[in-house]
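Here is a short note to read beside the model.

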Amino acid sequence: MGGNILSFTDFKVPDDFSVAPFEATYNRVITKFTNSSYKEFLHAWLGIPYRFLACTEHDMAFRASIQRAGNNPPRPEHYVQDRELFGFFITGLSAIECCYYGLHAVGNLLNAKTFPMGDEPQKKVVDLKKTVERFKKAFPDDKFHEEMGSICSMKQYLEWNNIRNVLAHRLLPGRTVFLTMNPASPSRGKVLWKDDIELDAYTTSLRRAWLAKTLNALLVAADGFTQRHL
């Protein structure tokens, strides 16, 4: 199943998703697969645009709610905003993780010993840092592992990962509301979520812009790596 893989899906990816390197990497890889990790690659690679689109939709829905009801509305609008924040951070980080998992499957194709994949529990443990370490070990002279590794140390990624972990294991954080000290006309000022994240029309949009830029750079790097090694 080569060609434009996105044509087999039923949605249009956002305009800031880099279709060309995504498609090129996919088409280059599927012609080389000879082992069982093909399915792992396929499902992970298709997960990238799916998760990115979902993240985009959560971003749009959150901003629409902020514009409609403000940054600390009464329920049920409060629930709507919490729901969109949850979906935004979960799906956004998943887009990056799908990309790394798909690339780990590519590594398995090239060097199965260094990139173990299989049904055994110990072979299912694949995360971003392990993937970077394995690319560095298998391809020390290729700068691809540096490009992958730089994302793991970005403050935006670390924030995203921390928020995702909080949201996945407990109720969403509360909100700290600041009031202006004007006795004649008290009004609500900024609202902080998770202690230090200000809730406004830019909360998700700026982070989604970072996600798009970072994910697209990773796809371009993956395109280059597969050109060199496949």
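**Notes on the salt bridges**

1. Arg63 is partly exposed, at 24% relative accessible area. Here buried means under 20%, exposed over 50%, and partly exposed in between, with a 1.4 Å probe and protein chains only. This is a predicted model: local features need pLDDT of at least 70, side-chain atom pairs count only at pLDDT 80 or more, and totals for chains, interfaces and linings use all residues. Residues are numbered from 1 along each chain as its sequence is written, and side-chain values use heavy atoms, leaving out hydrogens and water.

2. Arg63 makes a salt bridge with Asp59, at 2.9 Å from N to O. The term means a side-chain nitrogen of Lys or Arg within 4 Å of a carboxyl oxygen of Asp or Glu. Asp59 is buried, at 2%. Helices are DSSP runs (H or I, at least four residues), numbered from the N terminus.

3. The structure holds 11 salt bridges. One of them pairs Arg83 with Glu84, at 2.9 Å between the closest N and O atoms. Arg83 is partly exposed at 38%. Glu84 is buried at 6%.

4. Arg164 and Glu97 also form a salt bridge, at 3.0 Å. Arg164 lies in helix H7 (residues 155-169) and Glu97 in helix H3, so the pair ties together parts 67 residues apart in sequence. Shared partners join Asp16, Asp59, Arg63 and Arg208 into one salt-bridge network.

5. Asn108 belongs to helix H3 (residues 77-110). Asn108 is buried, at 7%. Beyond four places in sequence, Asn108 has contacts (heavy atoms within 4.5 Å) with Asn35, Ser37, Phe115, Pro116 and Met117.

Key:
Helices (H or I, at least four residues) and strands (E, at least two) are DSSP runs, numbered from the N terminus.
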